[in-house]
Amino acid sequence: PSPNRIGPPPDCNHYMPSGPRTRMNGNRFGRLFQVTTYGESHGDAMGVTVSGVPAGVELDEAAIQTQLDRRKPGQSMITTSRGEPDEVTVNSGVQDGYTTGTPIGMVIQNKDARSGKYEPYVTAPRPSHGDYTYSSKFGTRNWGGGGRSSARETVNWVAAGAVAEQVLEASEYDVQIKAHVNQIGDVRAGEVSFEQLLEQSEENDVRCADPEAAAEMQSLIETYQERGDSIGGSIYFECRGVPRGLGAPRFDSFPARLGQALFSIPATTAVEYGLGRAVSDVAGSDRNEDWTFDDGESFDHVVSEAGDPVPVGNDHGGLQGGITTGEPIYGEAVWHAPTSIPKKQRSADWETDEEKEVQVVGRHDPVLPPRAVPVVEAMLHCTVLDFMLLAGRINPDRIDANPGEYDTEYHPSNPRNTE
């Protein structure tokens, strides 16, 4: 066929839109609950459009701000000192405090961008950053603060996740999602209960539900910080109240799409569920879980009713065959050490053909997991809600699931009728 041909080739799926068979640079996430974001680290603002939110959800904008405050920079001595208030403005999709079923637009202004310190890296890429790869792909890039590749962009995801969380809370399902930092460097937290996750993970700057481990982690982070270096770590996450039967075989499996969500978070290097990598030396007879029946007493942690078949254990992490079992979904995600460090390193300037010494100065996190906890929780909320909408567990049009009903509690009143 002609290279100038317009439209899809003859053998393509005709349900796909005509034109180039590509998606726009990965700026959208989700199927029914769709999150589309824009903004660069040092641009005027960050922004997100959330579509697929059912009508009739009483949206608490203060709760969205609370989640953004958990992620924002400058909240402790082990985060970047960049002074962003991260105040959110909701511009659409809400009427008199209730969602209307139309896209919700949110904007967060950038207030403390200082791009001058990034000028040395316009054509001399920083080691292990996205500088060179972005320039290679697009032939240009917004270089201030890392531009679009910066983790600054995850502020949009947290705003969207806060909306998803409120939709789940307004539904008939009691979904609870929580995460905490379970390892920094070689310091690993002990096992904690879900109740401890809920009650203790916000009690320290590291966001670790094990107080003794948190103190050790804090000391280790400060040691690396004093050296002008950084350190990696991991986050444990758990979802309870997620009903069985969500997900689809193979490419749309629950773990596959949740893995995509978590791997999208900058610096994520591994994601695992259940026993994770430990299964490599576990015999099948030990990992396999027998089935029994819910006796109405012993399976409060499972979404089931008395008499339903339930697995005896949960080494699978609440997932079998790529589909949810009704048991808690749990796992771990791993982050490498932040790449922006003040230690001297080497780069190659393609404009001058020189190899040169570079030193990344500025305001950067010495460790990522403490601020990544709300990002992980946000992506879990978005993913779970998307699957709930796709499966029809939550009506995608309206939270009250009363199609055709127009005189609702959340419909606006005619102000002239109240005069």
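1. Aspartate 353. At 72% relative accessibility, aspartate 353 counts as exposed, because the cut-off for exposed is over 50%. Aspartate 353 belongs to the loop between E17 and E18. Its phi is positive, about 60 degrees, although the residue is not a glycine. Most residues other than glycine have a negative phi. Bear in mind throughout that this is a predicted model.

2. Aspartate 96. This aspartate also has a positive phi, of about 55 degrees, and is not a glycine. Where is aspartate 96 found? The answer is the loop between strand E5 (94–95) and strand E6 (98–99). Aspartate 96 is exposed, with a relative accessible area of 55%.

3. Confidence. The average pLDDT of the protein is 89. A score of at least 70 is reached by 90% of the residues. Residues 1–22 are another matter: pLDDT stays under 50 there. For that stretch the model has six contacts beyond four places in sequence.

4. Overall make-up. The protein has eight helices and 18 strands. Of its 419 residues, 48% are buried. Take the contacts with a separation of 6 or more: residues 24 or more positions apart account for 70% of them.

5. The largest core. The largest nonpolar core holds 78 residues. Which residues have the most contacts inside it? They are Phe33, Ile64, Met106, Ile184, Met217, Trp335 and Val376. Helix H8 (residues 369–390) gives the most to this core, with 13 residues. Isoleucine 184 can be followed in detail. Beyond four places in sequence, isoleucine 184 touches Val206, Met217, Leu220, Ile221, Ile231, Gly232, Gly233, Val367 and Pro369.

6. Aromatic pairs. The count comes to six aromatic pairs. Tyrosine 132 and tryptophan 350 form one of them, with 6.2 Å between centres and 65 degrees between the planes. The pair is edge-to-face because its angle is over 60 degrees. Tyrosine 132 sits in helix H2 (residues 131–138). Tryptophan 350 sits in the loop between strand E17 (344–349) and strand E18 (354–359), so the pair links parts of the chain 218 residues apart. Tryptophan 350 is partly exposed, with a relative accessible area of 41%.

7. The tyrosine pair. Is the pair of tyrosine 236 and tyrosine 330 stacked, tilted or edge-to-face? The ring centres are 6.2 Å apart and the planes stand at 35 degrees, so the pair is tilted. Tyrosine 236 is in strand E10 (residues 233–240), and tyrosine 330 is in strand E16 (residues 329–335). Tyrosine 330 counts as buried, at 17% relative accessibility.

8. Glycine 274. This residue is in the loop between strand E11 (268–273) and helix H7 (284–287). Glycine 274 is buried, with a relative accessible area of 16%. Leaving aside neighbours within four places in sequence, glycine 274 is in contact with Asp315, His316, Gly317, Tyr330 and Gly331. Aspartate 315 is 41 residues away along the chain, yet the two C-alpha atoms are separated by 5.0 Å.

9. Charges over rings. Arginine 257 lies over the face of phenylalanine 387, at 4.6 Å from the ring centre. The charged end of lysine 137 sits over the ring of phenylalanine 138, 5.5 Å from its centre.

10. Helix H3. How does the length of helix H3 (residues 154–170) agree with 1.5 Å a residue? Its 17 residues should span 24 Å, and the end C-alpha atoms are 25 Å apart, which agrees. H3 is mostly covered, with 14 of its 17 residues buried.

11. Glutamine 67. This residue is in helix H1 (residues 61–71). Is glutamine 67 buried or exposed? Its relative accessibility is 16%, so glutamine 67 counts as buried. Beyond four places in sequence, glutamine 67 touches Val158, Ala162, Glu165 and Pro374.

How values were computed: Residues numbered from 1 in each chain as written. Predicted model: local features only at pLDDT ≥ 70, side-chain atom pairs only at ≥ 80, totals over all residues. Heavy atoms only, no water. Phe/Tyr/Trp six-rings, centres within 6.5 Å; stacked < 30°, edge-to-face > 60°. Helix = DSSP H or I, 4+ residues; strand = E, 2+ residues; numbered from the N terminus. Buried < 20%, exposed > 50% of the residue type's maximum accessible area, 1.4 Å probe, protein only. Lys NZ or Arg CZ within 6 Å of the ring centre and 35° of its normal. Core = buried A, V, L, I, M, F, W, Y, C linked by side-chain atoms within 4.5 Å. Contact = heavy atoms within 4.5 Å. pLDDT = per-residue confidence, 0-100. Expected span 1.5 Å × (residues − 1).
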